[in-house]
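Thank you all for coming; I would like to walk you through one structure this morning, taking a few of its parts in turn. Please have the picture in view while I talk.

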Amino acid sequence: MAVPGQKTMRGSRLGPAASWREAVTSVPRTRSGPPLAAYTPRHLEIVCFHGWLCFSVPGREASLGAGRRRPGSGFCLLESEMSSVESHQEQLSQSDPSPSPNSCSSFELIDMDAGGLYEPVSPHWFYCKIIDSKETWIPFNSEDSQQLEEAYDSGKDCNGRVVPTDGGRYDVHLGERMRYAVYWDELASEVRRCTWFYKGDKDNKYVPYSESFSQVLEETYMLAVTLDEWKKKLESPNREIIILHNPKLMVHYQPVAGSDEWGSTPTEQGRPRTVKRGAENISVDIHCGEPLQIDHLVFVVHGIGPACDLRFRSIVQCVNDFRSVSLNLLQTHFKKAQENQQIGRVEFLPVNWHSPLHSTGVDVDLQRITLPSINRLRHFTNDTILDVFFYNSPTYCQTIVDTVASEMNRIYTLFLQRNPNFKGGVSIAGHSLGSLILFDILTNQKDSLEGIDNEKCSLNTVMDQGDTPTLEEDLKKLHLSEYFNIFEKEKVDKEALALCTDRDLQEMGIPLGPRKKLLNYFGTRKHSVGINRPTIPSASEVNSPKESEFCSTRNVTKNDDCLDVGIGQVSIRYPRLNYKPEIFFAFGSPIGMFLTVRGLKRIDPNYKFPTCKGFFNIYHPFDPVAYRIEPMVVPDVEFEPMLIPHHKGRKRMHLELREGLTRMSMDLKNNLLGSLRMAWKSFTRGPYPALQASETAEETEVEPESSSEKSSDVNTEETPVIIKEEVPPINVGMLNGGQRIDYVLQEKPIESFNEYLFALQSHLCYWESEDTVLLVLKEIYQTQGIFLDQPLQ
């Protein structure tokens with residue numbers, strides 16, 4: 001409670017009084033009396049009075065009471081607080097054998113306004129990452145830092161205290177000061193509560209001091225501001241010198257081994273580092289944080305090799321970029337939905353299969369047989385390109401498929417445990433070879449109604465077998481019924497007879513004429529029915545006609561998880577996913593090429609994934625690994641893929657210029673041909689006849705010709721419009737629910753100068769492509785009835 005006439009003081013509580021005993025002796029002046037520097041330390045007694053620094057000066061009498069000021073002092077003490085001050089003074093006097101010369105001592109408070117106004121520093125939490133073999137301190141976003149600070153100030157024991165950060169993808173163990181990844185394997189990173197920073201000339205970012213030394217720096221800074229006494233020197237635990245010249249200039253000198261021949265001190269050698277107080281005074285980007293609500297979950301599977309872009313970053317780092325781009329696009333293109341709190345965010349989680357594959361010991365086996373020459377190139381081949389061959393091996397293909405499916409199931413279960421209120425859907429995305437892995441997994445999933453469909457297929461097969469004529473009926477049809485007993489005695493049925501050769505029939509005693517009839521009849525029958533099924537079309541003829549060359553290749557056997565070896569795919573068991581993906585996104589995918597190499601020529605338009613409704617094949621036009629899917633569904637029609645709109649609207653300028661020039665050249669060509677045609681016809685037109693009747697007759701003949709010319713001209717002008725209107729209704733099958741499958745990005749203007757120069761970059765551009773991310777977000781939120789603020793064209 002304030003006392004009338006008491007001056008209001010602002011500041012923070014100080015540390016123990018003992019830490020300030022020697023510091024106060026250097027105070028040059030006070031409001032009254034002689035300078036404090038004239039008194040020795042044994043004449044001064046320091047106390048910490050309710051957080052305020054107090055000192056006892058001999059020879060100063062003051063009547064301290066409620067509402068009364070001390071002579072020569074700008075402050076007064078409450079009468080109720082005198083007892084605590086006097087008791088503390090008695091303790092100090094007992095500890096000191098030589099008491100003050102005057103028993104009547106007065107306590108004086110240091111005036112905070114004498115030197116300057118001290119304000120506490122605002123801490124911010126950072127974590128350390130190893131980037132390019134260097135430690136880099138990265139700030140938490142503002143929300144996570146605030147949660148960590150609240151947990152730190154809660155007064156509870158920090159040991160065992162866990163705070164989720166980064167949208168729940170990391171956990172910070174506050175007592176250990178360590179940050180651990182939740183969904184994937186990653187080295188733990190150090191966490192620090194940061195208030196003071198330094199940076200050298202060659203450093204790109206500021207480095208925080210340790211928490212203990214930052215506290216020492218803060219105490220020294222507070223004393224310097226309070227007493228207006230600067231040029232303070234401190235020595236760090238590494239024996240480095242920090243000098244506080246003024247609030248704007250604070251430097252850090254690195255240690256030097258001894259003085260040189262000129263006698264220079266360590267603080268005068270070398271270029272000093274800059275010291276800053278508070279995260280707000282350093283150049284660092286601190287994001288606001290991520291929305292708590294998660295609307296959709298997307299698993300992202302990488303392609304060949306451990307690196308996913310030209311900077312040789314892992315799938316975790318690339319997916320982090322993909323997620324950051326999505327958060328920015330949600331703020332710009334779904335602003336209305338965010339303001340109405342209809343959406344939160346989409347969570348993207350990486351799935352790594354390369355590390356488990358190469359931890360099986362195959363790298364050691366490869367190293368034994370690898371030649372010593374061109375070592376780096378061979379290592380790159382073993383670590384990256386050989387993943388394609390591993391996937392075509394039955395042994396390692398099973399390892400890859402099991403790893404991808406088990407990882408997605410594990411992460412999905414853990415995600416639900418950490419987000420029990422999650423009600424959204426799940427989608428999957430794959431890059432390069434990862435998209436082929438997901439495609440094979442999806443084609444081998446079982447829907448809840450698949451068992452009924454399999455029973456229908458088996459029933460149809462039995463009916464087909466019952467409708468086919470028996471061997472006796474076929475022999476009767478060929479007028480060879482007398483040989484039925486021979487075949488029955490040798491236990492030869494229709495399939496065995498189709499495999500018999502001319503020599504076999506001769507050994508059974510069948511004459512030459514009947515042998516030729518049987519071989520001709522059953523040989524033709526064998527190829528038409530499909531007993532020998534080397535290719536996909538013959539396999540489709542055995543199954544139902546509506547099941548196309550692709551999905552009817554499943555064997556109706558005990559091993560329903562295996563595809564028919566006839567399509568070239570390895571025979572393995574495919575695990576089942578614990579969820580039904582809503583959409584499958586393929587980035588730079590070679591699915592079309594692999595299906596063609598496996599012997600598949602066509603995908604039935606009625607085919608769709610058993611558990612997934614949507615499929616989008618997204619690729620860059622210069623991507624050397626990407627292939628189309630729609631021509632396999634509609635092989636007889638040539639049409640362009642869907643052009644992905646630019647995230648800022650319209651097409652890129654160079655594409656519009658190219659299309660404009662194309663239209664201009666077509667218009668000039670049509671106009672030129674039309675004018676030449678009219679000139680030629682006027683030149684070849686005959687002379688007018690003398691008789692009026694013949695003139696009218698000729699006019700009636702010319703009018704239909706001119707009308708036909710006009711109609712032809714109109715048709716030539718309307719032809720492009722008709723073609724544009726015919727493109728959307730193209731039936732591309734049910735693989736994407738009747739919608740288009742192939743979507744192509746717009747190349748950048750610089751990429752259009754040389755396609756080969758940007759080919760490799762085009763295959764790795766999807767992680768930071770705003771157009772790709774926006775298409776993914778648009779399709780995901782359309783399933784929830786949420787659309788873009790302004791539809792892109």
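Before I point to any residue, one definition: two strands are said to pair if DSSP finds at least two bridges between them. Please also keep in mind that what you see is a predicted model.

With that in hand, let us begin with strand S13, residues 241-246, which is joined by five bridges to strand S14, residues 249-253, the two running antiparallel. Leucine 244 stands opposite methionine 250 of S14. Both strands belong to an open sheet of six strands, whose order is S11-S10-S15-S14-S13-S12 and whose pairing is antiparallel. At the edges stand strand S11 (207-208) and strand S12 (232-235), and because each has a single partner strand, one side of each is left without a neighbour in the sheet. Helix H4, residues 211-227, lies across S10, S12, S13, S14 and S15, and runs at about 170° to S12.

Finally, how do helices H10 and H11 cross? Their axes come within 10 Å and cross at roughly 80°, so the two helices are roughly perpendicular to each other. The contact is made by Ile400, Val401, Val404 and Met408 of H10 together with Ile437, Leu438 and Ile441 of H11, which by class gives seven nonpolar, no polar and no charged residues.

Notes. Residues are numbered from 1 along each chain as its sequence is written. This is a predicted model: local features need pLDDT of at least 70, side-chain atom pairs count only at pLDDT 80 or more; totals for chains, interfaces and linings use all residues. Side-chain values use heavy atoms; hydrogens and water are left out. Helices (H or I, at least four residues) and strands (E, at least two) are DSSP runs, numbered from the N terminus. Contact means heavy atoms within 4.5 Å. Axes are lines fitted to C-alpha atoms, for helices over the stretch in contact, and angles run from 0 to 180 degrees between N-to-C directions. Angles under 35 degrees count as roughly parallel, over 145 as roughly antiparallel, 65 to 115 as roughly perpendicular and the rest as oblique. Ala, Val, Leu, Ile, Met, Phe, Trp, Tyr, Cys and Pro count as nonpolar, Asp, Glu, Lys and Arg as charged, and the others, Gly among them, as polar.
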